[in-house]
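Subject: Handing over the structure

Hello,

Here is the structure I promised you. Please open it first, then read my notes below.

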Amino acid sequence: MSPAAYVFVAVILFVIGAVGVLVRRNAILIFMSVELMLNACNLAFVSFARLHGNLDGQVVAFFVMVVAAAEVVVGLAILMAIYRARKSASVDDANLLKN
Amino acid sequence: MTHVLAAAGGTNLDPIYSKAMFWILAVLAVSAGIGMILVRQAVHCALMLAVVMLSLAVMYAMQGAPFLAFVQVIVYTGAVLMLFLFVVMLIGLTSADSLKETIKGQRLWAGLAGIAFAVLLIVGIGHAAIGNAAPQTSANSTDNLTGLAQLIFTTYVFPFEVTSALLITAALGAMVLAHRERTSPKPTQREVARRKIESGQVAPEPPPGVYALHNAVDMPAMLPDGSTTSRSVSPAIVQRDVELGLEPQADVAADLAAGQRIGSERELEAGAAGKGEDQ
């Protein structure tokens with residue numbers, strides 16, 4: 001298959017992830033949608049790397065994976081701290097800055 | 001890259017196989033992705049995400065990125081997803097998403113925005129002339145690992161070093177965020193004992209279900225006076241029973257009725273046996 005087909009799959013996955021971030025109310029599920037978007041980006045990077053016949057895209061995808069792992073670790077720790085304080089993982093309940 | 005291999009074509013799969021694989025994986029990944037935004041339970045969502053990640057791993061392997069395919073399986077599916085599952089376990093049953101919309105018409109508008117976004121991206125990329133894959137170089141051959149290592153440790157060595165600092169910071173940050181400072185001194189054994197006596201419940205809480213005919217964790221314990229106590233059942237299990245439409249209380253009532261019936265039968269039998277002995 002040509003790399004364009006893979007890029008279209010990446011686009012569809014990215015859009016699904018974006019809709020998930022918009023629709024979901026639970027912070028864990030929002031995080032999972034963000035992960036889906038990052039994965040879609042990685043797929044696009046790998047496809048473009050094949051398109052150009054060099055490895056730079058794969059290196060960037062590798063760095064995206066590392067940053068995503070760090071982001072998940074810190075994000076889930078924040079989520080746990082919020083849950084401990086507010087007994088809820090819903091993004092609607094974290095409204096202390098309101099008013 | 002300097003050394004270009006002579007072999008032509010993308011991967012060493014037959015075109016027809018790679019086409020079939022692509023369509024299977026694309027349908028699998030997209031349907032699992034759509035499932036991710038439709039299912040309610042966080043655990044189901046995580047499993048859907050695992051399906052997407054694994055099919056992406058196979059796609060990487062098909063596109064001449066075997067190293068990334070393995071990293072995808074090990075780091076994403078193995079570590080990141082397990083972390084998600086651990087947090088789902090810790091945060092527990094409240095992790096099911098509520099279906100109530102807090103902003104009116106949010107789902108509809110989010111869906112429309114998603115479709116518009118998809119059309120924008122697909123038209124934009126469709127207009128760009130994306131040709132066929134470049135002829136096989138070290139990027140998409142067996143030399144993938146060596147080429148990646150060369151690139152990471154020469155051109156991208158500074159970002160690579162920065163990544164190590166990022167990972168250490170992330171680990172420290174997670175430790176700081178997960179750490180809970182003790183605000184009161186640890187209770188001594190004497191204080192624990194005094195608190196127990198004062199609370200009026202010296203013995204442990206009654207375990208679930210062992211006094212009834214049912215020996216199950218979702219059955220409330222029957223106290224010596226014949227009543228049941230809700231303190232013997234974990235609130236998480238009560239919530240599960242409510243979601244599944246089960247009624248442990250009805251089972252307990254049935255148990256009580258069965259106990260009374262058995263008791264009366266025993267009395268009748270004892271009476272009959274007594275008569276028999278009399279004769």
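Start with the contact between the chains. In this predicted model, 74 residues of chain B are in contact with 64 residues of chain A. Two residues are in contact if their C-beta atoms, placed from the backbone, lie within 7 Å.

Six helices of chain B each supply at least two residues of the side that touches chain A: α1 (15-36), α2 (42-62), α3 (66-91), α4 (106-127), α5 (144-153) and α6 (157-178). The largest share, 12 residues, comes from α3(B). Helices are DSSP runs of H or I, at least four residues, and strands are runs of E, at least two, numbered from the N terminus.

By class, that side of chain B has 54 nonpolar, 17 polar and 3 charged residues. Nonpolar means Ala, Val, Leu, Ile, Met, Phe, Trp, Tyr, Cys and Pro; charged means Asp, Glu, Lys and Arg; the others, Gly among them, are polar.

Now chain A. Its secondary structure comes to 3 helices and 0 strands. Its radius of gyration is 17 Å, well over the 13 Å that the globule rule gives for 99 residues, so chain A is more spread out than a compact globule. The radius is taken over C-alpha atoms; the rule is 2.2 Å times the number of residues to the power 0.38. The C-alpha trace of chain A spans about 50 × 25 × 20 Å along its principal axes.

Two notes on reading the model. Residues are numbered from 1 along each chain as its sequence is written, while chains are lettered from A and ligands numbered from 1 in the order in which they are written. Local features need pLDDT of at least 70, side-chain atom pairs count only at pLDDT 80 or more, and totals for chains, interfaces and linings use all residues.

Best wishes
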